[in-house]
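Me: I have a model open and want to go through it with you. Can we start with how the chains meet?

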Amino acid sequence: MVSAIYILDSQYQTLLFRDYRGDIPRSAIEEFGPLIMRHECGDDIDSPFSKPCFTYQGVNYLYVQHNNIYLVVLSVVNTNALQVLFFLNEIVKVFTEYFTTLAEESVRDNFVVIYELLDEMMDFGHPQTTDYKVLQEYITQDTYQLDISTLEKTNSSLTGDKVSWRPHGIFYKKNEMFLDIIESINVLIGTDGHILQNNIYGKVVGNCYLSGMPELKLGLSDKLLVNSSGNIKPINVSPTESGSADTMSTPNTNAPVSKRKPIEMEDVKFHPCVGLDQFNDDRSISFIPPDGKFDLMTYRLKNKSKPLVWVNCDVEVKPRSRILYKVTVKSQFKKRSTATFITIFIPVPQDCDSPKFKTSIGTVVYAPETNCIVWKIKQFSGGKEFTMQAQLQLSSVTLNAQDENNTDGIGEETAIMSNGKVGRAHRPISVSFEIPYLATSGLQVRYLKINEPDLKYPSLPWVRYLTKSGDEYSIRMKKPLSS
Amino acid sequence: MSMSQQIERRIRKAFQTPKKGETFELRNGLVSQYARERKDAIQRTIQAMTVGKDVSALFPDILKNIATPDIEQKKLVYLYLMNYAKSHPELCILAVNTFVQDASDPNPLVRALAIRTMGCIRVDKMVDYMEIPLRLTLKDENPYVRKTAAICVTKLFDLNPQLCIEEGFLESLQTLIEDSNPMVVANAVSALAEIQDRAPEIKCFVVDPHILSKLLVALNECTEWGRIAILTSLSDYKASDIKDAEHICERVVPQLQHANPSVVLAAIKAVIAHVEIQNSEAKANLLRKLGPPLVTLVSSAPEVQYVALRNIRIILQKYPQILNRELRVFFCKYNDPPYLKMEKLEIMVRIANEKNIDQLLSELKEYSMEVDLDFVRRAIRAIGQCAIKIESAVEKCVNVLMDLIYNKVNYVLQEVVIVMKDVLRKYKTFESCLPVLCQNIDELDESEARAALVWIVGEYADKIDNSGEILQGFVSIFNEEATQVQLQLITAVVKLYIKKPEAGQNMIQGVLQTGTKSDNADVRDRGYIYWRLLSSDTVIAKDIVLAEKPPIVSTIEDLPKSLLNELIGELSTLASVYHRPAATFMGHGKFGADAVQKRAIEEQKQLANEDEVGAGVNAENLLDVDFSVDSPTVDSPASNPVTASKGGSALDELNDLFAPVQIPKITGNASSNQDIMNMFKNTAPTSSVSHNLSSTKDAFAELNFDNSFSSHANSGVPSKSSKTNEDLLGLF
């Protein structure tokens, strides 16, 4: 239960607040800044004030930081912390949708809308709705005179329909439904070249341009297994079920389906529009979609194949304070796929100069602001391997640090510790890329049936596949050799 | 001089005029004949309110704008009313008519807005007028209005529970559980759950088989936030038999697939609440289903992740097998915030087993070469915890620790010494490490590390060639050492004396003499214990000092059983994050929920008093053409709350004196530690006074037992309990 929400600037001064329950003194928020700062100055990691929620003098503070502002919830009771913190993250998302960027300035400029939103999203400390599309129906940034008749007609949450996420009376001339299967690969490779993590975070994003209240049924690969239920059940799909208009070609149609290994999903999550009970009963995904873009489902599974892009980096310290990097990048996917926009970030010591690069493909630049070498390759087909060599001159500061630390410090960011010794932050190499027309897991859309009981229009479903690097695609740096 | 003063005054005046103008201008705008100007003025008033300026003096003028077809303007006026209602309760009544009218407006948004705002104007007199509109809106044809009215019942309950019950609003809420609209269902459930929580004696939301079936139906119908409320109520429900529990789990399990992580955790909580009663096969099956959703929680936003990790720790202690194969998920990411890294380490050592230890060790070794000092130390500590937890892996762990010493980084070394102390307590087979540890004494500057080393030297006095020399080095600066080192030193010298009398002979007298003259009672007591022990009978003294200690099982901090059982029922709440019973951070004393609310009310009253003065001045000023500006209404915004809170807390203290103090029912982790400490403190002096040796022996046995228990429970929170630990350790 939330008592009040405060939005604070970077100096912990109140920009705006909404007191829902009036059971917390206004002075309570003045404690927040000093408490946080006390932790930031001291280095005690066990301090309760270093955590996203803490209690002080009978008031519980839960907060998230976004850009240069803090969103703080105050509560006096033993509230549901996960719900509150998730709700705050949802607020950030909604505000970002409204104001493009959520920061001090946009809060000041849009206080009227923010008050309206806070009132609509939460009542007396109970979350109401955090769906941007629903909110947008009755809170717009432009002033407008309310027209009740159109409002009643379109606003689903006002008409009492069970489908609160989709307004009535939507009409498109051309009825289309787009499905994007986006798989983000998170990989972590250890210094010894072992794969520590190799996971796929998949997402099926729907983009709906359909009239009326269509009922959709989605059929995925017949080899799909969902692990989370404990007892593994394949989805039963009979080929006759898929109507001709609704079947679509998948990028790998030439590959015989039966040969592929079953896809074992670790966990699947659905948009609220999908009936969870029905999925649990017969594994079918039936839903009435919201209008426009939405995340239909997300899933997580372990990647059984090799990491798609492999980077190997040898570091060598040469005499006269030079440092040499030999970076090899290898694409470990099928030849017919092509990766695009590959960017490799290689961490280097601070304040290097006179960088020299040699590569057969792409461009290399030294980015001193992030202490990285950035190697960009536009296109890269499967089963290839390229090499890049870089040479940098070390600065004297780094050199001194290096003396104390026996060349170990090279290639890693050095930092002076409180006791005067030099520690090393192991920044990993990170890689980003995209591979269109490929779903690494092998997930395929078999059919998407679209049925609008009243309008019965013909409709076109489109499916796209994309594999890309996730937030965490990193390879830990090896220890440098010295010669 | 006077010249400059004049100029100063003139300059001041020049700066004051805009202030005066602001309120004046706003007032002019608010009563303007043009709607657009009025709206603009309202917006600017709200803006001033937002930045903390006190604009309560404009109350009557704002109120004039309440009747408007423009819903945005209406919202702003209502917002203003909510903010200043407390300070102008009389004026609020003027708005009642508009509220009542709006509550039957043809536009459902206006109806909902009216009823929502009425509930937020927390003035007693408002209650009388709320009754009829609330009754109407609860039965409104429009679900948006109904869902707002449902929440409004809790607002009314908060103001006047008596009226709320008498007028049958709670029954109306109960019928809304079966409403056709998901949002109404969600709010009805949330509202009932809140009222049940605040006033359990009314029993408005006791889940019985009838309500249960309603809730299970509603679970699939209502919004995500309502699902959380339903699932939470379900986990408080005691299933009557196995069938009942099975049925609930069957309906709850699909919710594990929900996109909202708090729904998922609420579902996990509900399953755990009903899993114990079921047969072992069904139980294992259900628990297996919980693993993947828990893992997915770890990929949410960092703050959400933090709560999830704290909860996973509780669940892991109850069901250690649940994430056996998921170690890698908890590997720290380079850019994780520090609080997440620490929490992940805690979970990794708990999942560690013989199969995954190699992987874990190489990861921990990676961390112990990082740059973040606290993180490095915690990683090294984790290696030690693994060594003690998994006997088959101890050799590998010690090898990693010894490798780290060779890096010669000061803080790493200190931590390794502390960790090795625990390893050497459990395993006697690592004498080969002793020389390495003893080589670096000069590097140790933290008392915990020094104390650990002294303990090691004492315990292995006969295995270390120069143990006498080493201890002599410490003894020579006895008075400069911290208490914990002194305590260890006394014990270590005694051990040395018993094991190698020729080496300890010279030191023992001096140490005991210095010790017993110490200002610190603990050091003194320890000195006397050993002195008397040694002077009575050396054989018995040897038996006691060198007695076989009960082995330590684990240095991973576990929650006490009673606390664990309580927290399992509190998953996802703040209690589960703090790992403390809810009673310890709310509900009693000066900072209890009621007291905080009282503080808030006092503050409001104070503000109101000041405002009245301000309003009075302003009203006069209105008549006055050239009104002066220094009225308190334009006072700096910060000063008011501060003084108010001071007054409030002083009052609170007075209140506390008279109010019956609620005593928390469950003693928490901290207090149980305290108990152990007290026990120790009580027993120690007694045993030192008593000359009966057999009773001393008993006391020692008890202490030894306590030691293994408390170190087992405490080692994770060194700051709090290190004192207990070292006290007990010394008596070995």
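Me: How many residues does the contact take from chain A and from chain B?

Reply: Chain A gives 104 residues and chain B gives 115 residues, where contact means heavy atoms within 4.5 Å. This is a predicted model: local features need pLDDT of at least 70, side-chain atom pairs count only at pLDDT 80 or more, and totals for chains, interfaces and linings use all residues. Residues are numbered from 1 along each chain as its sequence is written, chains are lettered from A and ligands numbered from 1 in the order in which they are written, and side-chain values use heavy atoms, with hydrogens and water left out.

Me: What area do chain A and chain B bury between them?

Reply: About 10,000 Å², with 57% of it on carbon and sulfur atoms. Buried area is the accessible area (1.4 Å probe) that two parts lose on being put together, summed over both.

Me: Which three residues supply more of chain A's share than any other three?

Reply: Asn78(A), Leu82(A) and Phe124(A), which supply 7% of the area that chain A buries against chain B.

Me: Which residue does Asp123(A) meet in a salt bridge?

Reply: Lys155(B), at 2.9 Å from N to O. Another salt bridge joins Glu120(A) and Arg116(B), with the closest N and O atoms 3.7 Å apart. That pair runs from helix 4 of chain A to helix 6 (residues 108-120) of chain B. Helices (H or I, at least four residues) and strands (E, at least two) are DSSP runs, numbered from the N terminus.

Me: Switching to the sheet in chain A. What is the strand order?

Reply: The order is 2-1-5-4-3, in an open sheet of five strands with antiparallel pairing. Two strands pair if DSSP finds at least two bridges between them.

Me: Why is one side of strand 2 and of strand 3 left without a neighbour?

Reply: Strand 2 (14-19) and strand 3 (53-56) of chain A stand at the edges, each with a single partner strand, so one side of each has no neighbour in the sheet.

Me: How many bridges pair strand 1 with strand 2 of chain A?

Reply: Five, in the antiparallel sense, with strand 1 covering residues 4-8. Within strand 2 of chain A, Leu16(A) is the bridge partner of Ile7(A).

Methods. Salt bridge = Lys/Arg side-chain N within 4 Å of Asp/Glu carboxyl O.
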